[in-house]
Amino acid sequence: MKYVSTRGGAAPQTFTDILLEGLAPDGGLYVPQTCPRVSAPELAAMRRMNYAQLAYALLSKFADDIPPADLRRLTDSTYTAAVFGSADIVPVKTLEPGLHILSLSNGPTLAFKDVAMQLLGNLFEYALAKRGATLNILGATSGDTGSAAEYAMRGKRGIRVFMLSPQGRMSPFQTAQMFSLADPNIFNIAVRGVFDDCQDIVKAIGNDQAFKAEFHIGTVNSINWARIAAQIVYYFKGYFAVTRSNSEQVSFAVPSGNFGNILAGHIARQMGLPIHRLICATNENNVLDEFFRTGCYRVRGAAEVHATSSPSMDISKASNFERYVLDLLGRDSAALAKLWSSVEKEGVFDISKSAAFRQIAESGFVSGSSTHADRLATIRMVWEKYGAMIDTHTADGVKVGLEHRESGVPLLCLETALAAKFSETIREALGRDPERPAAYADIESRPQRFEVMDADAQAVKTFIRRNTSVMC
Ligand SMILES: *Cc1c(COP(=O)(O)O)cnc(C)c1O
């Protein structure tokens, strides 16, 4: 299996080659040259597998340059009840016959990103050890991604994490989650500024090629193909959990931001998983919903991005979307490159009049959006009717999912975070605090370790230099 750029301008690479890389050199995203298929007998065998076995069976189709025994060890040590709270890893909660929540948020940071990030941490450690290399991950976070990355990389040999966050702007829970980590390879940097200041510093350092090379600076962003591959697994697991035979179809509702989660569903469907619809749910930042309805993809300027109560879906553009559009275009990378050059120049492309637009229906995608009022109403409805507490992002998915629900087709709504992370909105909806897993009861009172700094790239560089002088 080789990986090529969506825009067609990069030499084919192996899975391990692209694992530690970001964008392809031509600015595109890496995708598998051809989509692997799951045969009917394979699908039948997969139904009986536990999560780690299933992860191995699917990932071995993408990571075929990792020796099978090694990959097996990596999936076995990643997907354990100790890390994910239960042997099922992603248990299904049935609200009523035909309506389910796929629980993806029982990992260490209580959000779905852990499912892929925990594997990524182990893959990185493995690949770096093989190459005798080290990696310093530099990132900016306003909450979720940074904590998922830190919990995945903590204690990993050959890896350090330098994570910038805007001082005093994350929730007390999120702050405590990150700053209470005591591992010597995790460095939290609280920047006197806003999230954009953090992002600017990361970009400035990323543009300093000499520094980047000397200090082996890398990232863990959502365009990493290994994260997509790891997310495919729970679509299969969810499918098996709510069906009896592989002749049945199911639909998935997916709270979407950068399009990584639902892209994994799209790949699962192409591999042969009997998915009827992939329901793309957005919040007020409805770039994606607009595209699915109109065929017009219009990225938003910073001033147009709404700060919502489902903040992890507040996007101006969807970084993984390019991979899906390549498929709509029948894998014509020249046509794809044209569309993205139009996005870069004019902030928009329009395929409403082309054959690609008609492919959307073929690909199973439908969409919808929701508002703060919708989230409150949905959280309340699910609580009162089913006794289940869902978070704001999951609520976006349930709201849009129900709009597209069809009789006779089970609907799985992906839970992307636990309510415990968004207590303010839960109190507004239900007049009570969310439930919190016991292990997190005292998290805000644990000792915190972080460095406060001005929004100054030079100061961050000095800090990195000072803290990379000893091996980890
Ligand atoms: C990241 C995130 C999303 C959006 O997922 P994408 O893969 O970016 O579409 C939704 N909900 C939560 C809680 C998240 O952390």
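Modeller: Helices here are DSSP runs of H or I with at least four residues, numbered from the N terminus, and their axes are lines fitted to C-alpha atoms over the stretch in contact, with angles running from 0 to 180 degrees between N-to-C directions. This is a predicted model, in which local features need pLDDT of at least 70 and side-chain atom pairs count only at pLDDT 80 or more, whereas totals for chains, interfaces and linings use all residues. Residues are numbered from 1 along each chain as its sequence is written, and side-chain values use heavy atoms, with hydrogens and water left out.

Biologist: Why is helix 6 called oblique to helix 7?

Modeller: Helix 6 (residues 113–131) packs against helix 7 (residues 144–153) at an angle of about 40 degrees, and their axes are 8 Å apart. Angles under 35 degrees count as roughly parallel, over 145 as roughly antiparallel, 65 to 115 as roughly perpendicular and the rest as oblique, so helix 6 is oblique to helix 7.

Biologist: What makes helix 6 oblique to helix 11?

Modeller: The axes of helix 6 and helix 11 (residues 225–242) come within 8 Å and cross at roughly 130 degrees, and therefore helix 6 is oblique to helix 11.

Biologist: Why is helix 3 called oblique to helix 4?

Modeller: Helix 3 (residues 51–62) and helix 4 (residues 68–78) have axes 9 Å apart and pack at about 140 degrees, which means that helix 3 is oblique to helix 4.

Biologist: Which residues are the closest to the ligand?

Modeller: The closest are Lys113, Gly257, Asn258, Asn261 and Thr416, among 15 residues that surround the ligand, where a residue is near a molecule if one of its heavy atoms lies within 4 Å of it.

Biologist: What is the distance from an oxygen atom of the ligand to a polar backbone atom of Asn258?

Modeller: That distance is 2.7 Å for Asn258, and an oxygen atom of the ligand is 2.8 Å from a polar backbone atom of Asn261. A nitrogen atom of the ligand lies 2.9 Å from an N or O atom in the side chain of Thr416. A polar contact is a pair of N or O atoms within 3.5 Å. The protein covers 97% of the 380 Å² of accessible area that the ligand has on its own, with areas from the Shrake-Rupley method and a 1.4 Å probe.

How values were computed. Polar contact = N/O pair within 3.5 Å; in protein donor to acceptor, adjacent residues only side chain to side chain. Helix = DSSP H or I, 4+ residues; strand = E, 2+ residues; numbered from the N terminus.
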